[in-house]
Amino acid sequence: MNIELRKLTLEDYADLKDSMTQAYDSMGGSIWPKSSIAKLLNIFPEGQLCIAVDEKVVACSLAIIVQYDEYGDRHTYKLITGDYSFTTHDTNGDTLYGIEIFVHPDFRGLRLGRRLYEARKELCESLNLKSIIAGGRIPGYHTYSETLTPRQYIDKVKAKEIYDPTLTFQISNDFHVRKVLKNYLPGDKESKEYATLIEWNNIYYQGIDASARSAMTIRLGLVQWEMRLFPDMDAFYEQVEFFVDALSGYKSDFILFPELFNTPLLQPYNHLPEIEAMRKLAEKTKEIVDRMHEYALSYNVNIITGSMPLLEGNKLYNVTYLCHRTGKIDEYRKIHITPNEQKYYGMIGGDKVKVFDTDCGKVGILICYDVEFPELSRIYADQGMQILFVPFLTDTQNGYTRVRHCAQARAIENECYVAIAGCVGNLPKVNNMDIQFAQSAVFTPSDFAFPTNSVKAEATPNTEMVLVVDVDLHLLDELHHYGTVKILKDRRTDLYQTKLLK
């Protein structure tokens, strides 16, 4: 499955018509004619957004800009849209007015509506508009209309005593109800023709030019995972989803799990030699990756899955996967295998070194021991890497110290951010996985725009927790061009070079 959020085009109309008909089946399948969509695309193309799943449009949001004071809080849908002609659109207006948002019912479990709302908010900020306002249906109201007024119904939805499929979702996306509108949308029998006037305020509007706000701030979520035994796979997935849910709730762009964090699942095979037990664990890798791929889609977050054993033919690799929130999956195979991995598990190293393009810039992945070899991250830097993710697993403080200080060096010498996440705790019933030591962290380059110790944030050592950290990619660009020193630019490539041979 591939999910793409993009601007709507007129060529999408057939898909849009089908999805909208399905979404509004309870209202008689009301749809916008092609001529109306064409006009919106002509007057305000950047405001018309859609989500395509496997190249088919299944969700859409339509909007115009208005000078809101000209219409006030008592307007109707017909009035605000200029009798559905959109003559009310004003490029010099102060408010982004949402005139439509829907998701095909077959795709509502993927949280596509939240992506559209977030895209609208970003558009509002980038255009330096005061707020987003829309008239929202309350399709659950007809069930309670005999006993509750619209205001009472809304208050109970706010208090989570009643679930309304539209209003509950809007409240969860930081919209507040400004007013109840009567006769807003004639024919909306489910809402009894009432609507909520909902608003989201752009906090960057007052006193701040939104165009000056960095659009390159990326939020990282790091999981410092405690090793524990699980009674079954459901319990394991429950713990994984707990962290994904929590970090996506903080609107993280990436979630990083540690190296071999799934090795508690080795416990049923503890009677086998380590090499055979790890190969049995490898049989679960596809299932785990598929589940984390689902989480990336449904929680709208890019997930670096930590690493897992992968058996290909008779060769065992240590592999991590990048599950993009767009549906794509990339993989990275650990290049440098430790003596312990070779001795106990018979693992071998991969041979692919490449940077991955994401919706938040170019990222690289190295697994634990790999970060101790500076050539790899330098090759990544030459490919444009901005963030390096390092899932790791270290048993002793000595091992952790090597990973930590090498990761810090990689951030400084390659003018990038480096995020490391490891496992803590112990596994007394799993051979060769007795103890773990970790302190997850995010490291930065060393210059005036960054922390003086080049540590953006770090976890409490040996404690299960998460880190939520914002990094600004714009600062990297500034550093590269105007830093106190310019490490990447000042290399003597006439004298030495780092090259990828295959």
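## A salt bridge between the domains

A salt bridge here means a side-chain nitrogen of Lys or Arg within 4 Å of a carboxyl oxygen of Asp or Glu. In this predicted model, Lys251 and Asp174 make one through their side chains, with N and O 3.1 Å apart. That distance, 3.1 Å, falls within the 4 Å limit, so the pair counts.

## How the two domains meet

The protein chain splits into domain 1, covering 3-201, and domain 2, covering 211-482. At the interface, 10 residues of domain 1 touch 12 residues of domain 2. About 900 Å² gets buried between them, and carbon and sulfur atoms supply 34% of that.

What about specific contacts? Two salt bridges turn up across the interface of domain 1 and domain 2, and seven residue pairs are in polar contact between these domains, counting pairs with both residues at pLDDT 80 or more. On the domain 1 side, helix α4 (residues 112-126) is the biggest contributor to the face touching domain 2, giving five residues.

## The six-stranded sheet

Now for an open sheet with mixed pairing: its six strands run in the order β13-β14-β15-β16-β19-β20. β13 (356-358) and β20 (455-458) sit at the edges with a single partner strand each, so one side of each has no neighbour in the sheet. Going from one strand to the next, the twist averages 20°.

Zoom in on the β20 end. Its pairing with β19 (residues 441-443) is antiparallel and spans three bridges. Val442 has Ala457 of β20 as its bridge partner.

Methods. Residues are numbered from 1 along each chain as its sequence is written. This is a predicted model: local features need pLDDT of at least 70, side-chain atom pairs count only at pLDDT 80 or more; totals for chains, interfaces and linings use all residues. Side-chain values use heavy atoms; hydrogens and water are left out. Two strands pair if DSSP finds at least two bridges between them. Helices (H or I, at least four residues) and strands (E, at least two) are DSSP runs, numbered from the N terminus. Axes are lines fitted to C-alpha atoms, for helices over the stretch in contact, and angles run from 0 to 180 degrees between N-to-C directions. Domain bounds come from an automatic or database domain assignment. Contact means heavy atoms within 4.5 Å. Buried area is the accessible area (1.4 Å probe) that two parts lose on being put together, summed over both. A polar contact is a pair of N or O atoms within 3.5 Å; within protein, one must be able to donate a hydrogen and the other to accept it, and residues adjacent in sequence count only if both atoms are side-chain atoms.
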